[in-house]
Amino acid sequence: MIFVLYCPEETQVILYDLETVPSAEQFSVEKYTKNQIQEHIQENHQNIQTQYGLSVISVDEAERNKDASGYHLEKEFGILDELDANDAFRDFLDTLPDEMAVQMLEGKDCTVEICFSGPITGGEDSGNLSAAGAYVTSWFDEASSTLYSRMVIDSTGKEVLERNLAHEFFHLMEERFIQCETEIYAVREGTAKETRFLDERDSDSGFYSDRKLRESKILDWDTQWMALSPEDSYVYSYDESFYSYGESEEDYVYFYGKDPEQVYFLDGYCRTFPTEDRARIFEYLYMAGNGEELHECFASEHIREKAVYLCQLIRSCYPSVDTSSRNIWEKALSEEDWARVHIGK
Ligand SMILES: [Zn+2]
């Protein structure tokens, strides 16, 4: 249990109380002024920028250069939430392979912005959007010919922060799948001016050393993905009334007591759009790699097929992760599935 006494503009005292009340010698009192906390947050932003190439922007900046999501971002929220969210993001990035975030940006003319916000709510102009824990949106700015991707995180949603970070980060990672595929077509048609994504770098082992295998996973990746679920199972809407939460036998969604072999989706949300299905699988794999028990749905061969293909696709598009050791989202795979991911069968 953590007790926090927070006096705005003054001093903050944090006492860590483990199972019993410790004696005075057993605990330490840390004091920070608000300015010091702010400095720490700023330093963290700088590190994220220099180490990973991601720009951290304030809610004010996000409002000035508004995205089209329609979400309203709450500007006022606790500095301790901001501190925790920043540290959590930093910790999350540190669990990824070194160059992964940098490779995500390799189009050169793309900018990835991260915004730590207060609660995110559906604005008046957002149709039927409900509150969100986080979101990612992308747009192309003609004037600067820059592709912007923006990830906004509700810093106050502590219990789901790590899960949300993994989920949203996956949406950012997908941009490179598209770039890699486009480049393969351009190379084949002889129209590629330069190859930004397909340069052959040293790889420990795996796909990256086998160009043909690698290309076979990337080309038509969305069609390959669609083949892994029953036809017409995505509803292409975020409207909750369009997708089911596992109420019937035919909806392919997991619910308690259902035979895993009838299951293709971890939950109803996975049926909204293919990208959400992938992000959800990545999210669960990531959490399992970080100590959580793997969702029992992974007993379904259909879910495992998707998980294996997803891991293969990531390795095909990100040379830095295609090594002989397991990445954090691959740790919970069975030996058999891991072997397929690793050698590409
Ligand atoms: Zn999502």
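**Entry 1: Met173**

I started with Met173 and listed its contacts, leaving aside neighbours within four places in sequence: Met104 and Ile314 came up. For me, two residues are in contact if their C-beta atoms, placed from the backbone, lie within 7 Å. A note before I go on: this is a predicted model, in which local features need pLDDT of at least 70 and side-chain atom pairs count only at pLDDT 80 or more, while totals for chains, interfaces and linings use all residues. I number residues from 1 along each chain as its sequence is written.

Met173 lies in helix α5, residues 161-189. Helices (H or I, at least four residues) and strands (E, at least two) are DSSP runs, numbered from the N terminus. Is Met173 buried or exposed? Met173 counts as buried, because it has 22 C-beta neighbours inside 10 Å. The cut-offs I use are 20 or more other C-beta atoms within 10 Å for buried, 12 or fewer for exposed, and partly exposed in between, with C-beta atoms placed from the backbone. I also looked at Ala279, which is 106 residues from Met173 along the chain; their C-alpha atoms are separated by 9.7 Å.

**Entry 2: His167**

I stayed in helix α5 for His167. His167 has 24 other C-beta atoms within 10 Å, so it is buried. Which residues does His167 contact, leaving aside neighbours within four places in sequence? I found Ala279, Arg280 and Glu283. Ile281 is 114 residues away from His167 along the chain, and I read 8.6 Å between their C-alpha atoms.

**Entry 3: α8 and α9**

Next I turned to a helix pair. Two packed helices are described by the angle between their axes and the distance between the axes. Helix α8 (residues 274-289) packs on helix α9 (residues 301-317) at an angle of about 90°, and their axes are 10 Å apart. I therefore call α8 roughly perpendicular to α9. Axes here are lines fitted to C-alpha atoms, for helices over the stretch in contact, with angles from 0 to 180 degrees between N-to-C directions. Under 35 degrees counts as roughly parallel, over 145 as roughly antiparallel, 65 to 115 as roughly perpendicular and the rest as oblique.

From α8, I noted Arg278, Ile281, Phe282 and Leu285 in the contact; from α9, Lys306, Ala307 and Leu310.

**Entry 4: the core**

I then asked which residues touch the most other members of the largest nonpolar core. They are Val152, Phe282 and Ala307, in a core of 67 residues. At least three of the core's residues come from each of domain 1 (34-172) and domain 2 (200-343); the bounds come from an automatic or database domain assignment. By nonpolar core I mean a set of buried Ala, Val, Leu, Ile, Met, Phe, Trp, Tyr and Cys residues joined through C-beta atoms within 7 Å.

Leaving aside neighbours within four places in sequence, I listed the contacts of Val152 as Ala62, Leu73, Cys115, Ser117, Ile120, Ala134 and Tyr135.

**Entry 5: two positive phi values**

Most residues other than glycine have a negative phi. I found Ser145 with a positive phi near 40°, in the loop between β8 (134-141) and β9 (146-154). Ser145 is exposed, with 9 other C-beta atoms within 10 Å. Asp220 has a positive phi of about 55° and sits in the loop between α6 (211-218) and α7 (221-226). Asp220 counts as exposed, because it has 12 C-beta neighbours inside 10 Å.
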